[in-house]
Structure formats: C-alpha cells, structure tokens
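Hi there,

Here is the structure I promised to pass on.

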Amino acid sequence: TGELVTHPCTECKGVGRVQEFRKIKVKVPPGINTGMRLKLRGEGELSPNGGPPGDLYVDVYVEPHEYFDREGDDVICRVPVSFVQASLGAKLEVPTIDGSEKVALGMGTQPGNMLRLHGKGIPKLRGTGRGDQIIIFDVQTPTNLSQKQKELLREFAQIENQSR
C-alpha cells in the first residue's frame with residue numbers, strides 16, 4: 001500500500017495476514033489413480049488486497065497393494081496353484097477387491113494362463129461400470145517330494161513316454 005510499517009505486529013510481522021494450517025476433508029472419487037490431481041476451489045492461498053482465495057490442488061498417489069496390481073481400470077492378481085491342481089483342475093477361492101470368489105481352474109492349466117472376471121476391477125472414473133480382474137495362475141512345481149511322490153511321478157513319466 002506504499003506505507004512503511006514501523007511497528008509490525010508480532011503475529012503477522014507486518015504482512016497483514018497470518019498463515020495458518022488446517023485439515024480439509026477431500027472426497028476422493030472411485031477410480032482415481034496415481035498422477036491425477038484434484039482441484040478444490042477456494043481452498044488455496046488468500047489473494048492480496050482482499051480478493052477471493054485461490055484453489056488448492058491435491059496430487060494423488062495410490063499405494064501399492066500386497067496382492068493386486070493395477071493396469072488402468074483392470075486389477076491383476078497372481079494366484080499360486082499346485083502342479084496337481086493345474087493338471088487335474090480344481091475349484092479355487094481367489095481374492096478380489098470385493099472379497100473372495102470361487103473360480104474353476106481347468107484341467108491342464110499352464111503357467112501364466114489367465115482368467116478374466118468381468119466387472120470385478122476398478123470403478124471407471126468417467127463413465128459407468130468397472131474394469132475387470134485378471135487372474136494369472138502361477139503353477140508351483142513341488143520341490144520337497146516324498147519317496148512315494150517321486151515313485152508316482154516316475155511311473156507317470158513312464159506312462160507318458162509309452163503313449164508317445
């Protein structure tokens with residue numbers, strides 16, 4: 001304002017306003033992802049000379065999950081299955097973001113085979129519906145076999161070789 005403040009107050013130090021910090025509740029929409037930004041109108045810095053306050057921008061960071069990875073609106077989940085389950089097929093209970101769900105594992109499942117659960121992914125940010133959940137089956141080869149298991153596998157190998 002062109003005036004020299006000879007005795008500034010101890011609270012504002014002559015600036016004419018006091019900086020204060022406060023907590024603001026932010027509504028985070030479903031489907032938001034890392035790198036997106038929320039704009040809160042009127043929650044920013046006060047304008048000089050009594051104008052309206054500016055806007056506050058909140059940068060979003062989504063923390064990684066223990067079981068799930070995200071690709072857009074789709075959720076990826078790796079599920080370990082045993083050699084026997086992959087060979088003979090099985091009914092499995094797999095985790096989803098809504099809780100667990102039963103799925104059928106087909107006979108002869110190979111490492112990396114996938115199953116898509118339509119509509120079980122992340123809600124779409126702009127629009128309706130949800131992405132999918134993709135389950136990737138990780139077939140686990142047994143490492144500590146008992147003598148009986150080794151015998152059965154050798155017998156299996158012999159039968160397999162005879163059929164060729």
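Are Arg-37 and Asp-59 buried or exposed? Arg-37 is exposed, and so is Asp-59. Please keep in mind that this is a predicted model.

Those two residues also form a salt bridge, with their closest N and O atoms 2.8 Å apart. The pair links distant parts of the chain, as Arg-37 sits in strand E1 and Asp-59 in strand E2, 22 residues apart. Lys-39 forms a salt bridge too, with Asp-55 at 3.5 Å between the closest N and O atoms. Asp-55 is in the loop between E1 and E2 while Lys-39 is in strand E1, so this pair ties together parts 16 residues apart in sequence.

In total, the structure holds nine salt bridges. One of them joins the side chains of Arg-130 and Asp-98, at 3.0 Å from N to O. Elsewhere, salt bridges with shared partners connect Asp-74, Arg-116 and Asp-132 in one network.

Val-103 is in contact with residues beyond its sequence neighbours, including Ala-90, Leu-115 and Ile-135.

Thr-96 counts as buried because its relative accessible area is 8%, under the 20% cut-off. A polar atom of the Thr-96 side chain lies 2.4 Å from the backbone oxygen of Gly-99.

Happy exploring!

Methods: Residues numbered from 1 in each chain as written. Predicted model: local features only at pLDDT ≥ 70, side-chain atom pairs only at ≥ 80, totals over all residues. Heavy atoms only, no water. Contact = heavy atoms within 4.5 Å. Buried < 20%, exposed > 50% of the residue type's maximum accessible area, 1.4 Å probe, protein only. Polar contact = N/O pair within 3.5 Å; in protein donor to acceptor, adjacent residues only side chain to side chain. Salt bridge = Lys/Arg side-chain N within 4 Å of Asp/Glu carboxyl O. Helix = DSSP H or I, 4+ residues; strand = E, 2+ residues; numbered from the N terminus. Lists of a residue's contacts leave out its neighbours within four places in sequence.
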